Every structure is written in structure tokens, then in C-alpha cells.
Amino acid sequence: MKRPANLDEARAIAAVMEASRRDPNFYVENVIGDSLWDKQQEVLRAIAKNRIVTVASCHGIGKTHLAARAAHQFLNTYKNSYVVTTAPTFRQVEELLWRQIRAVHKKSAMARSGRLLKTMLEYSDEWFAIGVSSDDTDKIQGFHPASGNILVIVDEAAGVSEETFVAVEAIMTSLGAHALFIGNPTKLSGTFYNSHHIDPKSCKIRISCFDTPNFTNNGIETIEDLKNLDEEALEIVAPYLITPQWAADKITRWGVDTPMFQSRVLGQFPTAEVNTLIPLEFIEAAMTPERLAEMQAAQSKDEPLSVGVDVARFGDDKTVITRRRGSIVTNQHAYSKEDTEQTAGRVKMIYPAPEFIGIDEDGLGGGVVDKLTHDKIDGVVGILNNSSARKDDTGLTFVNLRSQLWWNLAERFKSGKIYIPPEFTELAAELSAIRYDITRQGIAVETKEQLKKRLHRSPDRADSLMYAFANFVQQAEVQRIAVARRRQK
């Protein structure tokens, strides 16, 4: 911060800083020149009064916008303070939060002060804000300002490792230490979850879509209000925030009982059962640019194409075709009210020719398998969901083949060996809703009919993905034939 030109200027700055300490929103309005809506203001005031403020919010409430202003306000209100920001990846630190911090600084009354870099704003060696990646916890160590004033901001907190939170706690030893944890509530364990459920001293704030300006301004307070939405009568006062139209659309696309809806729309930690097959956190991790880069580096560029086909049975069900190359899902298309001839024709048109085509052979899917087999299309494998599970090396037992294939796919998510494009939100919602039971006969993943009853729609996208990764059936059949031939010899 620049040195005051005279005593009067110094007194004016001191007065602004004192007012900003009493009410951080004074700083946002008078120094940055911005305004925050009421829940954002609540968070900013809470940071000044509490050691840890933890915010679980729905999608599109301006989390990063808020965090950037909190960082700038704290840094410029407390002399010789430190602000340390982190997020699950350095891309998120640099391109999201620090892009906002740089913009805030340039527009504020402090624009000519300090040295501004991509992830650092420095007034002196003992007075700065810095962005570090949670990938390297060593970079979070050692921040202990002589003034005692430090603010740690953990953005997208549900995705940050526990090692990072341990490092954060280690630098919050002074009396003037504060922390803001903020993110979508997607993970049902760890420090972010515990800060909302176990830690008695943290200041807990939850922000639902119903708390945001575009909802409160239109008197939208419940899911029933969303279901009966009159879009033409809406007045959108903040188009950059979550809108009722977006939330209403997710009732149909995701379903109100899915973890995706609970987290992204209601700002609630999902009420997932202990028998959820694929927790939402693993699905969202599979949809990041970092996962795509990992998968691209781990597999050959000429990985053969595999396809999964879930054939519509009746009514509003859709035929869904999913393509993947190795562990990378490339696209997924849904079609309504097409007969088996049309579905078989679509599969035959896929280029280059897939090495594996997994098709739901139950019901109408059997007709697609027959047509493709008759036309001598290579790689076609019919999946009979209720047939016996194949022998594998897991040591587990399954009540049927469907359960085994779903379990294998779930293991891919949990081990980080799958990528799904981030726009596949309907697929993610279906995946996060699947449950399983442990029975005397083995692991039983719920049937399509059971899941459809809970979701009020058919999980066609999820099943199509499962079939795309069902080449285990093809491999098991090849091994069975090889063993049989060896025995004949």
C-alpha cells in the first residue's frame, strides 16, 4: 500500500480501515466499488468475527466473486497481514480465484499500490496475498505473520485433500487467524463435511437457491414453486447468479432426490445412503480437465473405440449410445421412439468401426443384437443383465451380471480411471443415484426398474455407460473358450 502524502490523507485512510474492520461490506462498497447481496454480506461479516467460517452453497451464487472480495478486504484492512488462498488444483487457483482478485485490485482504490502478479499481491515482505495449489502442501507451510493476522481461503473446499487442511490448521495458530472454507457440498466425509456437522466452533452458513436474489425477488421458496414456475412472469435481477429457470430444468433432468440436485440446487450435503454405489465426489472428480489430462497421458492415442447401447423399451425411455476410447468417454447421444432397425442402423454408421459394442440384450435390445449379428458386424456382445456373473479375480460374488458390471465400473471411478465430459450432468445425476445391497447371494445392484421408480425416469444414460465398459464380458468369454479348447487337447 502506498505511503500517505500527508497527515490528512493518513487519517482518512485510517478512518476507512477502521470502518472496514467494523463492517467488511463498507470496504467492498467504498474501496472496491462493488455491492454484495445479503448472504454474501453475511459471510463477509462472519469472517471478521469467527476463526473458521464454512459455507456450503448451491451452484451459481458467486462463491469465487465473494472469496476474491474477502481476500482483498482482509489484506487491505489489516496492516502486515497474510492472505493465503488455495483450491483443489492450481488451474482453479490461477484461472478462477486469482483472476477475480486481480480484477478486484485493478478496479479498487488500491489499484496503484503493491506489486500484482498472477497469483500474488505484495505490499512488502511481511504484507501480501498469495495463491498456492493444494497439490503441494509444502507450499502452504510456514506462513506466520508477525502481526498475527492471516486469512486462509479454501475455495471448492469439498475437493481439497485432507493433507491440505492439516497444513491450513498448522498456519492458523495466531489469535488473528481466520479461515473461509467455501464450496458445493458434494463429499460426505473430511474436514469440509465435518466443519458443518461435527465442529462446534465453526460458523456454519448454507446457501440454497431459494436464498438467492432471483428467487427471493420472485417469491420462489419451495420445490413446488419451482414445479409451477411461470417463466414469463419472472424478473431476473441478477442474471449472473443461479436462476429459477435453471433450477426448474434440473427437477426434470436430474430429479429432486439425486445427490446432484441436493448439492447443486439446494446447497445440501447429499442424503446419500451408505449403500450408494458411486459417491458424487468420485463422479465430479472424473469430470475435470485434470482427469482428462491424466487419462490422455496414461493411454495410447490410437486406443480402439468401444460403444455401449441401452435400447429403449417403452414410453419415455430413450435409446442411448455412448462412445469411449480407453478410459475417456467421448460422447453420448440419446434418441426417442426409434425402432430396432433404426438403432441397428445408427450403430452400423459409427466410424471408425468399434472393437467392442456392448448392447442391452434384454427386451428390445435382443432385436438390435440379432440384426447386427446377422449383418456380420464385429465386436457385438449382448448383455443379459440377469445372467450369471463371470469368474474374476476380485474374490467377490454377485447376484447377476448387471451387478458385477456396475461394480467394476464403480471401481473405475473410485480408482480415478475414467473421464466423463463436464457437460454430461444428466449422466452424473443418474450415476450418483445408484444403490446396492449385500445379500446372501452376493452384491446386488438395484435393477433398472427400481432406480426408475425412485428417479421417476429411466436411467438410460447410466446404463449405456455401463455397457460401454462391459468388454469384461467379451474378455471373459474369450478366456472361457480358450480354457475349453486347452482341455479338449
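In helix α6 (residues 162-170), the residues T164, F165, A167 and V168 are buried, where buried means under 20% relative accessible area and exposed over 50%, with a 1.4 Å probe and protein chains only. Seen down the axis of α6, the buried residues fall within an arc of 160°, so they line one face of the helix; the arc is that of the directions from the helix axis to the C-beta atoms. An α-helix has 3.6 residues a turn, so residues three or four places apart point the same way. The face of α6 turned away from the buried side carries E163 and V166, which are exposed.

This is a predicted model, in which local features need pLDDT of at least 70 and side-chain atom pairs count only at pLDDT 80 or more, while totals for chains, interfaces and linings use all residues. Residues are numbered from 1 along each chain as its sequence is written, and side-chain values use heavy atoms, without hydrogens and water.

The cover over the buried residues of α6 includes β2, β6, β7 and α7 (190-197). Helices (H or I, at least four residues) and strands (E, at least two) are DSSP runs, numbered from the N terminus.

Eight strands form an open sheet with mixed pairing, in the order β3-β4-β5-β2-β6-β7-β1-β8; two strands pair if DSSP finds at least two bridges between them. At the edges stand β3 (115-117) and β8 (203-207), each with a single partner strand, so one side of each has no neighbour in the sheet. Strand β1 (residues 52-57) runs parallel to β8, joined by five bridges. T54 has K204 in β8 as its bridge partner.

Terms used. Contact means heavy atoms within 4.5 Å.
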